[in-house]
Amino acid sequence: MHEGENADSALAPGTARRAALDAAIAEMDRGLVEPSFAWRRDFSLILGLDRMLSGQPPRLASGTALRRHQVDALAGQLAALIADRERGETDEDEEDDDEGNGNGNGNGNGDENGDDHRNDAGFDVAVAHVAPVHELEADAHTDDPGARRRYRFKHPTASGKTIAAAGFVDAARTTGVLILTHRRLLVDQFTRDLTKEGYGPRLHEAVLVGDRTPDTPPLTINTYSWFIKHASQLKADVYGVVVCDEAHTALGEKTSAAIRSLSEPVYIGMTATDQLLQKHVSDVFPAEVADLPLAEAVRRGVVAPLRCIRVRPIASLRTVEIVGGDFDQGQLAVALDLDPLNMAAADLYQSRFGDTPGIVYAAGVDHAERVAAAMKAIGLRAAAVSGRTPPRVLAETLAAYERGEINVLVNAMLLAEGWNAPRATVCMHLAPTASRRVYQQRVGRIMRLHRRKESGIVVDFAEPGAPHTERVITLHSLLDVDAYRPSGLVTPPPPRRRRWRRRPPKPIVKEASWIVPVSDNPERRIAVIANQWRLVDASKLPIDEQRAWAVVAARAVTPADAQQLAERIAALQPESRELFLFTCAAENKHRKLRLAALGDLSSQRPSQTTFAMACRLVEAAPTWQQDRGQGARVLLLAMGDGKIDAPIDRIVAWTWQLARAARDHEYRYAGAHVTDGRSLLGALAAASDDKTNTEAAARLVTVATTSPLEAGAAILAVASPRRNSAAERLVERARVALSQDPHRLAAALGSNIPAPQPKAKQAKRAKAKEKSDKGESVSFNGAVVGATPPAVPVKRVDGRVLIEIPAAVAVRLRDDADVVVGASLGDKPPLSWRLTGSKGEPVNTAQEVRAAAAEVESLEISVAKVLSEPERSDRHARVAVDGAGLVVPLTVEEAQVLADDAARRVLVQLKGAGVRGRVRVEFEIEVDGQMTRDSRPGAVRKLARGEPVGASPERRERRRRSRSRSRRRGDGEQGAAEGNGAAPEAPVEAVPDAAEPA
């Protein structure tokens, strides 16, 4: 009885306590002085759990308070024992009404009022998280009579299952407890932990048949292998409770047979992974009393959260076979145990994590020793442990790891289960596994909480976008997570707790700004792309998903997003990038973005089909109603620059199609540059019959062919004669005559359309300049390459002006910075320069301070990002300032694959350093012993390949003819017509003959 309880309710008929009382009275009536083993087996754990859970909170003998999930495990066990006890009484009463284990008051209430029975029993427990007890079939009782007394609970690794086991030990005070585990190392660990919690006096060697029964119920800890040999020798009336640690390791034939042979005790299985190959823990431990998922454990702060870093595999495992659910260790060692790979793994650990404590899993004992030797060679404090390590040496090594004398333990499956190391932070799967159970046990080693650990870090050797269907298990496939983010949290974030005296630890790795879907479900992958397209790195997606991302992103992108996604868009496959640009031009809601996307599309040599769709888009799409002229200008100029690869006839057709789309602009140009242009167009449109229409068309054609190309093409583009008339044929022949050079015609029509003018800023009222209290300052407007930094204060010392400038700004100073800055000071005093924070002597020129700044904080770019074949180089090049531009040094091999938009890619990389705006970028290479520069990527490629640079013979011939025609422009109408590339037209008097059908 607990304090404050009422005997009538606590010992009501039908409750478990009343059953225990009635059974005890019956035994005393039979003359027993002490409880029998059957009574202690049936009731000691129930009454002990009731006593444990009555405390608020429940505590162990040492005073350690149980956490919520541990209380749930004890409460679930109590509820299951009560339900099974009541159900057992009901079954016995149905078989024989004369034989009962009490007063029989539980017969009619066991099924209808099961919840009321639990409440009537007087147990104040939280059973909301307890899983339903598994009910065995009737024939199962006959085959496995002890199955009804075997239970299990599932808690993730590092959640404190040892403390939960101590709770069961405390509850079973009146009966012996046997704890089984699968390794001798864990036997010692259980012994230490239970002694620390106050149960050392109960520790006792196994009580076998013939031994004297101890006065105090014993607590025995041993291995499953020992249990297999001695299960039949254990004294039958000693152990009423058996706790099975890592219960999934007890599913072997010999172990499970030994458990079934000793059927009297109550078994409690503890596990973190309930699956072992084709077997399940429920095969031996049918009833589940509690389950704490890993995500819920992280949310509660029970275990540390996990971050993941994927590294490209260092060796191919395609030829390694899977045997028994995991990779063949011999073949795995052959594939991985190579000196270059071992050194690479050691260098990876040192460069990423330094002295952070961690565990490395290798493929075999020899592999572990070689990896540890490679780590020691580069200065890491590492050690290898294995099954061949002598027990004394192993204990000393693990103790040194706990003390911080060793930071990296390299092992081959020795430290996969049961070993506790709270300071362990990094888990590197150098030897991948195909077993989910093995992987989960490995990861569990770094999930224990530690005051200096923000999260555990898992290193998987897998491709960033490897889906869950790969043979190698990864953290994302284990937890079924949809997206991978480098160094990002894979588990839910832990709860926020106030720490008054200590700041929370910072992550030792920095999260990347991109993700990639890794689920093997196509619908879930598409959902990631649709919901998180801003973060998805589309370059790492297959081509079909790249196209899906391109459509989603193009519709939703904003001007702010466009700058952030520039590099990702540039890294797309050409057809995906083309789809993105076209979709953005067609469906995006921002006018400026639509126009910019159209310009990018036309400059990247789109396919004929795409360009035809773009022309139709500009001509007829409702979204382009206000921007048809600007869209036509972009496409016309692209054709004029020769960026569209298409037959001549198609270019001509697109040119006149776009000119009609920009009719308003062409009309204004024709009216402004053609004498009586508007009158001619008005007469053609107002003609009442075919004859008048033909005469108006003839006059308009004559003016068009004798005018400059821009004006003539504009008036012909606007002309609208009657359909299927002689006037229409006259205009068409004139258009054909002007289309002899279609590129020049497109450029002329495009130049007729004025470029969009930026909105004028409202004039601000001029404020009277007040003298600053901070003294004199100087502006770098026009003195640096790129964006102008803030002004800095200056000092005047001995007639000179001393300018202290940050290194990040000094590295961008132009060659004429001295002149520009001196002019801004007014009296142009002599200048001295010095880097901020430097204690050296000032220098006299901007070039000298720029050179000094380059040694401290240089402008660097990744060469791979400016090449069309990034794998050609992994070098970082230092960018130099020359005049008002930038110079990028390249090797000949790199210059041969320079991207067409390399200059833009350079500026994107240097944006964070302040290089923004219109900046000239030149590429420097060494050809035949001489340094050569050029700002044109195409010319640089030709120079690197040894090809001639300059216009082709055909292009030079066209230029010569063009110059000749220009010189003859002043020779009259005949010369002007020839200059425009058109044959002279017949005089107006010949119009009636021209009107005859051809």
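## A buried tryptophan and its partner

In this predicted model, W514 has a relative accessible area of 18% and is therefore buried, since the cut-off for burial is under 20%. W514 lies in the loop between β17 and β18, the latter covering residues 516–517.

The ring of W514 pairs with that of Y484 in an edge-to-face arrangement, with 6.3 Å from centre to centre and 80° between the planes. Y484 belongs to strand β17 (residues 483–484), so that the pair links distant parts of the chain, 30 residues apart. Y484 is also buried, because its relative accessible area is 2%.

The whole structure contains 6 aromatic pairs. One of them joins W39 and F43: their ring centres are 5.6 Å apart and their planes meet at 45°, so this pair is classed as tilted.

W39 counts as buried because its relative accessibility is 14%, and F43 counts as buried because its value is 2%.

Six arginines, R955, R956, R958, R959, R963 and R967, form a positive surface patch. Among them, R963 is placed in helix α39, which runs over residues 953–967.

How exposed is R963? Its relative accessibility is 47%, so R963 counts as partly exposed; a residue is called exposed when its value is over 50%.

Conventions. Residues are numbered from 1 along each chain as its sequence is written. This is a predicted model: local features need pLDDT of at least 70, side-chain atom pairs count only at pLDDT 80 or more; totals for chains, interfaces and linings use all residues. Side-chain values use heavy atoms; hydrogens and water are left out. Patches are made of residues with over 30% relative accessible area and no salt bridge: like charges are joined within 9 Å, nonpolar side chains (Val, Leu, Ile, Met, Phe, Trp, Tyr) within 5 Å. Accessible areas come from the Shrake-Rupley method with a 1.4 Å probe; for residues, only the protein chains shown count as cover. A salt bridge is a side-chain nitrogen of Lys or Arg within 4 Å of a carboxyl oxygen of Asp or Glu. Lys and Arg count as positive and Asp and Glu as negative; His and the chain ends are not counted. The place of a charge is taken as NZ of Lys, CZ of Arg, CG of Asp or CD of Glu. Helices (H or I, at least four residues) and strands (E, at least two) are DSSP runs, numbered from the N terminus. Buried means under 20% relative accessible area, exposed over 50%, partly exposed in between (1.4 Å probe, protein chains only). Rings of Phe, Tyr and Trp (its six-membered ring) pair if their centres lie within 6.5 Å; planes under 30 degrees apart count as stacked, over 60 as edge-to-face and the rest as tilted.
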